[in-house]
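The sequence and structure come first, and the account follows.

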Amino acid sequence: MKFAVVVFPGSNCDHDTEYVARTVLGQDVELIWHKDSSLKGADAVILPGGFAHGDYLRTGAIARFSPIMQEVSKFAAAGGPVLGICNGFQVLLEAGLLPGAMLRNRSLKFRCEFLHVGVEQTDTPFTMACRPGQRLRIPIAHGDGNYYAEPEVVAQLERNRQVVFRYVSASGEVSDEANPNGSVNNIAGICNEARNVVGLMPHPERACELAVGSADGLAVFESILKWGRESFDGDTLTMATAPAVLNK
Amino acid sequence: MQARVFVTLKPSVFDPQGTTVAEALHTLGYATVRDVRQGKYFELEIDATSADEARRLAAEAADRLLSNPVIESYRIEVTS
């Protein structure tokens with residue numbers, strides 16, 4: 001599989017993500033500058049963490065206008081898997097590829113620590129290899145991760161099973177204590193209605209080897225490979241089959 | 001012409017920064033400050049032939065970039 005990792009000025013998890021795709025998973029990966037206008041034949045696109053454009057104005061507010069984002073939107077509309085991690089999630093929200101917005105953490109503190117998220121949906125390209133309810137111990141590192149959406153939008157997300165990841169305690173309870181930033185309903189990650197675009201605040205790419213404290217994040221990347229295997233028809237990735245794979 | 005754009009969080013959206021500023025003011029003894037909402041302020045210098053034209057352009061800029069309609073609303077003042 002070929003991964004594209006988009007690089008904005010201020011991205012700082014681009015190389016971590018590249019490392020996981022290339023060195024841990026042995027896949028092809030290309031870093032793509034935000035001013036490029038081609039995803040260069042990638043099968044999966046990742047918007048990495050960082051501080052695109054210094055988080056000026058609002059997180060992701062300026063990055064959404066980068067030329068590459070038009071290609072990301074087209075790729076997503078065609079059913080291609082797009083993952084936004086942390087700042088990448090914020091960019092997807094600003095770009096309207098996912099609903100809602102991010103507010104400053106309720107504590108006003110930049111939180112950087114390992115925590116637990118529960119995987120609630122396993123029919124996305126980024127969670128297919130997870131067990132329903134599986135808990136991942138992965139880190140967060142953000143100051144603006146307080147997910148907000150109008151109550152009707154939140155209700156719709158819950159109804160459509162679009163809440164993919166939720167902050168939970170070590171024993172799996174969804175509690176206020178387990179919520180690091182004030183996100184509504186402990187939401188850590190969501191998907192779009194078509195389920196091929198996923199955004200999450202925690203960093204799975206920072207937890208893919210035991211040497212760094214946890215390898216739980218691998219489940220997200222192994223899911224992409226599983227999605228790829230099940231979507232490939234011979235040597236050709238047929239985007240048209242992607243939704244069918246997810247609905248199996 | 002100058003358009004001033006005031007962007008604030010919608011009333012329904014919790015403002016952790018404003019709340020913290022209010023608490024700090026209370027610590028300083030300003031007990032009569034009931035609430036604080038923090039926002040953003042922009043001054044746009046615009047080449048426009050009329051105030052209406054400047055206002056239209058500022059509104060477009062606010063809709064597309066300066067504010068996020070999910071959480072924020074804005075108000076515009078135009079001065080020549």
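Is R195(A) buried or exposed? In this predicted model, R195(A) is buried, with a relative accessible area of 8%. Its side chain meets that of D123(A) in a salt bridge, at 3.1 Å from N to O. D123(A) lies in the loop between β6 (111-119) and β7 (135-142) of chain A, and R195(A) in the loop between β10 (187-191) and β11 (197-200) of chain A, so the pair ties together parts that are 72 residues apart in sequence. D123(A), at 14% relative accessibility, also counts as buried, because the limit for that class is under 20%.

**Salt bridges**

| Pair | N to O distance |
|---|---|
| D123(A) and R195(A) | 3.1 Å |
| E150(A) and K10(B) | 3.6 Å |
| K40(A) and E30(A) | 3.8 Å |
| E72(B) and R58(A) | 3.8 Å |

The side chains of K40(A) and E30(A) form a salt bridge, and this pair links distant parts of the chain, with K40(A) in the loop between β2 (28-33) and β3 (44-47) of chain A and E30(A) in strand β2 of chain A, 10 residues apart. K40(A) counts as partly exposed at 34% relative accessibility, and E30(A) counts as partly exposed at 27%. Through salt bridges that share partners, K2(A), E30(A), D36(A) and K40(A) are joined into one network.

**The interface of chain A and chain B**

The contact draws 16 residues from chain A and 18 residues from chain B. Between them the two chains bury about 1400 Å², of which 64% is on carbon and sulfur atoms. On the side of chain A, the residues that lose the most area to chain B are L57(A), R58(A) and L103(A), which together account for 37% of what that side buries.

Across this interface the rule finds 2 salt bridges, as well as 5 residue pairs in polar contact, both residues of each being at pLDDT 80 or more. Strand β5 (residues 101-103) of chain A gives the most to the side of chain A that touches chain B, with 3 residues, and by class this side has 8 nonpolar, 2 polar and 6 charged residues.

One salt bridge between the chains is formed by E72(B) and R58(A). E72(B) lies in strand β3 (residues 72-79) of chain B and R58(A) in the loop between β3 and α2 (67-77) of chain A, so the pair joins two chains. E72(B) is buried, with a relative accessible area of 9%, and R58(A), at 10% relative accessibility, counts as buried as well. A salt bridge is also formed by the side chains of E150(A) and K10(B).

**Nonpolar cores**

The largest nonpolar core has 69 residues, of which F3(A), V45(A), L47(A), V72(A), Y147(A) and F165(A) touch the most other members. Helix α5 (residues 218-231) of chain A gives the most to this core, with 7 residues. Leaving aside residues up to four places away in sequence, Y147(A) touches a set of residues including F89(A), L93(A), P99(A), A101(A), M102(A), L157(A), V184(A), I187(A) and I190(A). Another core, of 12 residues, lies apart from the largest one, and V5(B), V7(B), A58(B) and A59(B) are among its members.

Definitions and conventions: Residues numbered from 1 in each chain as written. Chains lettered and ligands numbered in written order. Predicted model: local features only at pLDDT ≥ 70, side-chain atom pairs only at ≥ 80, totals over all residues. Heavy atoms only, no water. Contact = heavy atoms within 4.5 Å. Buried area = accessible area lost by both parts, 1.4 Å probe. Salt bridge = Lys/Arg side-chain N within 4 Å of Asp/Glu carboxyl O. Polar contact = N/O pair within 3.5 Å; in protein donor to acceptor, adjacent residues only side chain to side chain. Helix = DSSP H or I, 4+ residues; strand = E, 2+ residues; numbered from the N terminus. Nonpolar A, V, L, I, M, F, W, Y, C, P; charged D, E, K, R; others polar. Core = buried A, V, L, I, M, F, W, Y, C linked by side-chain atoms within 4.5 Å. Buried < 20%, exposed > 50% of the residue type's maximum accessible area, 1.4 Å probe, protein only.
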